[in-house]
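Open the model in your viewer and keep the selection tool handy.

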Amino acid sequence: MASSLGRLLRERGKAGRLGECILSYQVTHSTNQLGLDLARRGAPHGSLILAETQTSGRGRWQRSWSSPKGGLYLTAVLRPREGKEPSTPLFPAAASIAAAEAILEASGVKAHIRWPNDLLIDERKLCGILCEASFAGERLDFLVVGFGINVNQTRQDFPDELADVATSLQMTTGSSHEIPLVAACLAERLEYWWEKCEESPSDILPRWSELAWGETGKRVRVRHREGWELDATTAGMAEDGGLRVRLADGRLQTLYSEDVLFLRDLDV
């Protein structure tokens, strides 16, 4: 896949440094873990790690991510430019935007973002995103962001517990899609939105709101990492990337992805 992706990026001419270094595997344990290991050893900005399948794909809170053949499993290593301080809190939103725009360009399918890290089609999960950062003191050293996008899987490819909650581009459109093209579009949009994090982060939240699922007015049940639950109504994203919710007594509270285990829709 590396040669196909590299050729597409060169032919399209829309990506800069993303994709100058591409590593591709038929099978690996986790592209994000490989990305972290390589970044710690000095992998340059824009390095991409791809796999056809993962044996230990993971999402938030070390949950496993089903990674059958037919999906796109891609991790990017991102480093700030000299003198730039990218908006790290808003980067997960920027990465979600990049994935949604890439999927639309490559397949014509409009996916919606569900805070903090999922893309949905008709309330079923199409894509998960995992962002992991490393700092040198207070300064960002690098970010590793992994994408798991269900491209050509069928219902039978998912384990029983996911068959009713997961979907793919093929299941949505009835036809298969070129995985290297999805990867190329993703690299291009990710580079664009990474530059927004560095140059004009104020552009991120308005675009996120355009693509978001249930950003405002959705009744949700929140499960906190400490074990307690609450029901609330979504009230938009905060400027620092948290999700505002209105509690039953009218108070506003801001949720952060590092504290929330689950966010479930109560209106379905």
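**Stop 1: H1 and H5**

Select helix H1 (residues 2–12) and helix H5 (residues 179–199): their axes come within 9 Å and cross at roughly 55°. Helices (H or I, at least four residues) and strands (E, at least two) are DSSP runs, numbered from the N terminus. An axis is a line fitted to C-alpha atoms, for helices over the stretch in contact, and angles run from 0 to 180 degrees between N-to-C directions.

This is a predicted model: local features need pLDDT of at least 70, side-chain atom pairs count only at pLDDT 80 or more, and totals for chains, interfaces and linings use all residues. Residues are numbered from 1 along each chain as its sequence is written, and side-chain values use heavy atoms, with hydrogens and water left out.

H1 and H5 are therefore oblique to each other. Angles under 35 degrees count as roughly parallel, over 145 as roughly antiparallel, 65 to 115 as roughly perpendicular and the rest as oblique. The H1 and H5 crossing is right-handed. That word applies if the near helix is turned clockwise from the far one by less than a right angle; anticlockwise is left-handed.

Now show side chains. On H1, pick Ser 4, Leu 5, Leu 8, Leu 9 and Arg 12. They make the contact (heavy atoms within 4.5 Å) with H5 residues including Pro 180, Leu 181 and Glu 188. The contact of H1 with H5 divides into nine nonpolar, one polar and two charged residues. Ala, Val, Leu, Ile, Met, Phe, Trp, Tyr, Cys and Pro count as nonpolar, Asp, Glu, Lys and Arg as charged, and the others, Gly among them, as polar.

Stay on H1 and select Arg 7. Arg 7 counts as partly exposed because its relative accessibility is 40%. Buried means under 20% relative accessible area, exposed over 50%, and partly exposed in between (1.4 Å probe, protein chains only).

**Stop 2: H3 and its partners**

H3 passes H5 in a right-handed crossing. Among the residues that meet are Phe 91 and Ala 95 in H3, and Trp 193 and Trp 194 in H5. By class, the contact of H3 with H5 has 16 nonpolar, no polar and four charged residues.

Next, select helix H6 (residues 204–211) beside helix H3 (residues 91–107): these axes come within 10 Å and cross at roughly 50°. H3 and H6 are therefore oblique to each other. This crossing is left-handed. Look for Ile 97 and Glu 101 in H3, and Arg 207 and Trp 208 in H6, which are among the residues that meet.

**Stop 3: Ser 87**

Move to the loop between strand E3 (71–78) and H3, where Ser 87 lies. Is Ser 87 buried or exposed? Ser 87 counts as buried, because its relative accessibility is 17%. Leaving out residues up to four places away in sequence, Ser 87 touches Cys 197 and Pro 201.

**Stop 4: Leu 72 and the core**

Finish on strand E3 with Leu 72. At 0% relative accessibility, Leu 72 counts as buried. Leu 72 is one of the residues with the most contacts inside the largest nonpolar core, which has 66 residues. Such a core is a set of buried Ala, Val, Leu, Ile, Met, Phe, Trp, Tyr and Cys residues joined through side-chain atoms within 4.5 Å. A second, separate core of nine residues includes Leu 34, Leu 36, Ile 49 and Val 77.
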